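Welcome! Please take a moment to look over the sequence and the 3D view below, and keep both at hand while you read.

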Amino acid sequence: MINKNSPIPIYYQLEEHIKMLIEKGELKPGDALPPEREYAEKYQISRMTVRQAFTHLVTEGYLYRLQGKGTYVAERKIEQLLQGLTSFTEDMKARGLEPGSQLIRFEIHPASAQMAEQLAISQSDPVYEIERIRLADGVPMALETTYLSANLISGLTEEIVNQSIYAYIENTLKLQIDHASQIIESSIAGQAEAKLLKVSKGAPVMHIQRNSFMNDGTPVELVKSIYRADRYKFMIQMKR
Ligand code: 16G
């Protein structure tokens, strides 16, 4: 399996081998990997090389380390297509996962100057601010803060936002969400969000801002989310 005469670096060969075992399901999420020493002896390579391969796989999200315990296979990441404008509820259902929300905050307050501009409303107009932990099969995936004009998206309740906001907008209010822009930035989890997302402080996360609009350009929502980078990846198809 390891070819020492190959121009391909040994750590890379080991990485590919471990990835293959994960993809084939021979190593499953939560499984412990044999210790570095065992790999080193088995393939007659240095422990440094094994460590280098493990470290890359940790960075790529295939493995994770528990201090003093060892290295384990991580959960598979959810791959989200960026082409469609879908809701969290739709995304999870399409994957056979149970969508859920844990409501952290449900408030209505006057729009700040900045919020009024983003939602194209007047300053002091009422704005909903809704903070939810989004869950997939009960596991926190993202922390989402949604801002909506309370005059446009009227009648929201805690019960509604525990379900799907998009379903309420489209099926109950009969407003059509048409297009959106989205910005994705890398970051690390601060103390508060780490606790809510059940990751360690400093864990990699992605900050996502989505501005959604109706056909005529009226803003529908401004959403600021923090996604777990160990559970999510984004895919976009391109054509030249
Ligand atoms: C997604 C959207 C968010 C939208 C929400 C509606 C991203 C980054 N964000 O999480 O903008 O408000 O879905 O979900 O994809 P819901 O209909 O399940 O409440």
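This is a predicted model: local features need pLDDT of at least 70, side-chain atom pairs count only at pLDDT 80 or more; totals for chains, interfaces and linings use all residues.

The chain has 240 residues, and 42% of them count as buried.

**The chain as a whole**

- If you trace the secondary structure, you will find eight helices and ten strands.

- How many residues surround the ligand? There are 16, and the closest are Thr 89, Glu 144, Ser 164, Arg 210 and Glu 221.
- By type, the residues of this shell divide into six nonpolar, five polar and five charged.
- An N or O atom in the side chain of Arg 132 lies 3.0 Å from an oxygen atom of the ligand.
- Tyr 166 takes part through its backbone: one of its polar backbone atoms is 3.0 Å from a ligand oxygen.
- For Tyr 227, an N or O atom of the side chain is 3.4 Å from an oxygen atom of the ligand.
- The space that the ligand takes up is the largest cavity.
- Which elements give two or more residues to the shell? They are helix H4 (88–94), strand E5 (126–136), helix H7 (165–172), strand E8 (204–214) and strand E9 (219–228).
- Strand E9 gives the most to the shell, with three residues.

- Asp 137 has a phi near 50 degrees, which is a positive value in a residue other than glycine.
- You can find Asp 137 in the loop between E5 and strand E6 (139–149).
- Is Asp 137 buried, partly exposed or exposed? Asp 137 counts as partly exposed, because its relative accessibility is 48%.
- Lys 198 is not a glycine either, and its phi is positive, at about 60 degrees.
- The loop that holds Lys 198 runs between helix H8 (191–197) and E8.
- Lys 198 has 64% relative accessibility, so it counts as exposed.

- Look for Ser 212 in strand E8.
- Why does Ser 212 count as buried? The reason is its relative accessibility, which is 0%.
- Ser 212 and Gln 182 are 30 residues apart in sequence, and their C-alpha atoms are 8.6 Å apart in space.
- Gln 163 lies in the loop between helix H6 (158–161) and H7.
- Gln 163 counts as exposed because its relative accessibility is 56%, and the cut-off for exposed is over 50%.
- Gln 163 and Leu 21 are 142 residues apart along the chain, and 38 Å separates their C-alpha atoms.

Conventions. Residues are numbered from 1 along each chain as its sequence is written. Side-chain values use heavy atoms; hydrogens and water are left out. A residue is near a molecule or strand if one of its heavy atoms lies within 4 Å of it. A polar contact is a pair of N or O atoms within 3.5 Å; within protein, one must be able to donate a hydrogen and the other to accept it, and residues adjacent in sequence count only if both atoms are side-chain atoms. On a 1 Å grid over the protein atoms alone, a cavity is a set of points where a 1.4 Å probe fits but cannot get out, and a pocket is an open set with protein on both sides within 12 Å along at least five of seven lines; lining residues have an atom within 4 Å of a point. A molecule sits in a cavity or pocket if more than half of its atoms lie within 2 Å of its grid points. Helices (H or I, at least four residues) and strands (E, at least two) are DSSP runs, numbered from the N terminus. Ala, Val, Leu, Ile, Met, Phe, Trp, Tyr, Cys and Pro count as nonpolar, Asp, Glu, Lys and Arg as charged, and the others, Gly among them, as polar. Buried means under 20% relative accessible area, exposed over 50%, partly exposed in between (1.4 Å probe, protein chains only).
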